[in-house]
Amino acid sequence: MLDPHFRYFTCYPPFMRRLVPFALALAVPLAAQSVRTADLIVINARIYTVDDSRPVVSALAVRDGRIAFAGSVREAMALRGAGTRVLDLKGRTIIPGMMDAHAHLLALGKSLQTVNLVGTKSYEEVIARVVERSKGVAPGIWITGRGWDQNQWGDTRFPTHEALSRALPNNPVYLERVDGHAQLANAAAMTAAGIMAVTKDPSGGRLERTVSGEPTGVFVDNAMDLVRRVIPPTSRAEDRLAIRAAIAESQRWGLVGLHDAGESRPTIDLLEEMARAGELPFRLYVMIGDDSTAVAHYLARGPQSALYDSHLWIRAIKLFADGALGSRGAALLEPYSDDPKNNGLLLSPPAHLQDVSTRALRAGFQVNTHAIGDRGNRIVLDAYQAALTAVPTADHRFRIEHAQIINHDDIPRFANLGVIPSMQAVHQTSDMYWAGARLGPTRLLDSYPWRSLLNTGVVISNGSDAPVESINPLFSFHSAVSRQDADNWPAGGWLPEQKMSRDEALKSMTIWPAFAGFQEATMGSLTPGKLADFVVLDRDIMTVADRDILGTAVLATYIGGKPVYERALMP
Ligand SMILES: [Zn+2]
């Protein structure tokens, strides 16, 4: 807990201290100041503070889990006392702890425990990985996996279940596509779910079918639930292990927190139980999933910020407007260029988006809605606008999650309405190989438009959408500044005029996510008074060549002034 002395003498920049000397002199006896030595002093580092008043410094001092000082080595060492740990970083780089503004904590944890299909180059490879995992698993037990992407296979059509069903006749298998917006089930899973040719497409969902109407095993968007609902739920103990694994994995890559893009009430209860018990060493901004009972419960409770010593925030609701581009579920104003009868899917009626948004504004909550297609984005902007007209609110910070394809007429509406585009830079470099086929050349110019949006004055909160993409935040940092994939393709970057600068990219993973989570007063920069969350890197990501960014090693991750992850090669 902060004491008042600490707060007075560290929160304000020097010019403000000069303005109020008498009040402070009365409040703090001189003797008390001299004994306020630091717990930790970090020296000889290249420290990017993301604080525009003092952007690069060489030393930090930490006291009571907060930044006590950022500046020169000499001044920092003046705070050294008998119990102070001094860390000489010998020229290493420090940035503020990174925050992922859009990821799925429990799904990430489960993905670490289920069959990982990310990076598979063929359907055969998918089947081989599932068969490998099934060894020793009793018949009838479900096998789940995630991460396949037919766009990365030689044959980019959706797979059909037959080969999977032949290889795994005795275990129900449920394999989610990389974007979480489609899944492939084998025959045993479809039998368990009672799926037949007569099964109808649910609203907002689609079963892929043969010409004769037989389900092929691929279920898109809301149709996924037809199978998912018969999978036995994981236990609370399993979920707790999955959450722990996800946090450890995040910290390994330099993340000090994330915005968890939609969890159920039982999961949020579990997170709260863990935070209360001190088992959540992470800054978790959790969004409430779109469930009417859960939403009503949390709206009645009111917005909760910085719970349990700044470890948990519960003040946002996650809604869905449409699906994803890869599975042609993103709602478009004009049909898909490679599927002329298909405009995509609306996952929620526009009236629902408006209704929840209005109730959220009344209760002081933020709304963050998934929208990928240009029609999806427009519908959300319209819903937000109507809600804000009904309940005028100055500082709502409503967000659109992904905001991938935006009609150029809608770009200025983000700034005008105060809506934050929460975009995952790495999606651009994952989608660029086939986005042109889906959208055609004209709409492509309105896609992943970071520069167009930044030019209107908005901030962009960056993220990974893990487990859709790797949780390593440097993938999005690299994509943001290069518009190139991990192999540095294409030369010069894809639609390079939309690149972010290094400075913007760093802000998009630190102070801008903090702003998008109402956390910027205590997080997001290495400003005296803020939480001492920072990351030590083996190289200077602000100056190395684009191609050297992804080789960066995280040497240590500090949360509240304590190392939660350290590599052996730390000095
Ligand atoms: Zn997501």
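Reply: What follows starts with the core and its members and then turns to some backbone details and a helix pair elsewhere in the chain. The model is a predicted one, and the values below are computed from it.

The largest nonpolar core holds 167 residues, and those that touch the most other members are Val42, Leu60, Val173, Phe219, Val227, Ile317 and Ala321. Strand S18, residues 312–320, supplies the largest share of this core, with 7 residues. The chain is divided into domain 1, made of 37–97 and 525–571, and domain 2, which covers 110–228, and the centres of these two domains, taken over C-alpha atoms, are separated by 45 Å. Both domain 1 and domain 2 give residues to the core, so the core lies between them.

Phe219 is itself listed among the core residues that touch the most other members.

Strand S14, residues 215–221, includes Asp221, whose phi is positive, at about 50 degrees, although Asp221 is not a glycine. Asp221 has 27 other C-beta atoms within 10 Å and is therefore buried, the cut-off for that being 20 or more. A positive phi, near 50 degrees, is also found at Tyr448, again a residue other than glycine, and Tyr448 lies in the loop between helix H19 (435–444) and helix H20. Tyr448 counts as buried because 27 other C-beta atoms lie within 10 Å.

One joins Ala466 and Pro467, with omega about 5 degrees, and Pro467 lies in the loop between H20 (450–454) and H21 (473–482). Another joins Trp489 and Pro490, with omega about -5 degrees, and Pro490 is placed in the loop between H21 and H22 (502–508).

As for the helix pair, H11 (residues 236–252) and H12 (residues 265–276) pack at an angle of about 65 degrees, with their axes 11 Å apart, and their crossing is right-handed. On the H11 side the contact is made by Arg236, Asp239, Arg240 and Ile243, which meet Thr267, Leu270, Leu271 and Met274 of H12. Sorted by class, that contact has 4 nonpolar, 1 polar and 3 charged residues.

Methods:
Residues numbered from 1 in each chain as written. Predicted model: local features only at pLDDT ≥ 70, side-chain atom pairs only at ≥ 80, totals over all residues. Domains from an automatic or database assignment. Axes fitted to C-alpha atoms, helices over the stretch in contact; angles between N-to-C directions. Helix = DSSP H or I, 4+ residues; strand = E, 2+ residues; numbered from the N terminus. Left-handed = near helix turned anticlockwise from the far one by under 90°. Contact = placed C-beta atoms within 7 Å. Nonpolar A, V, L, I, M, F, W, Y, C, P; charged D, E, K, R; others polar. Core = buried A, V, L, I, M, F, W, Y, C linked by C-beta atoms within 7 Å. Buried ≥ 20, exposed ≤ 12 C-beta atoms within 10 Å, placed from the backbone.
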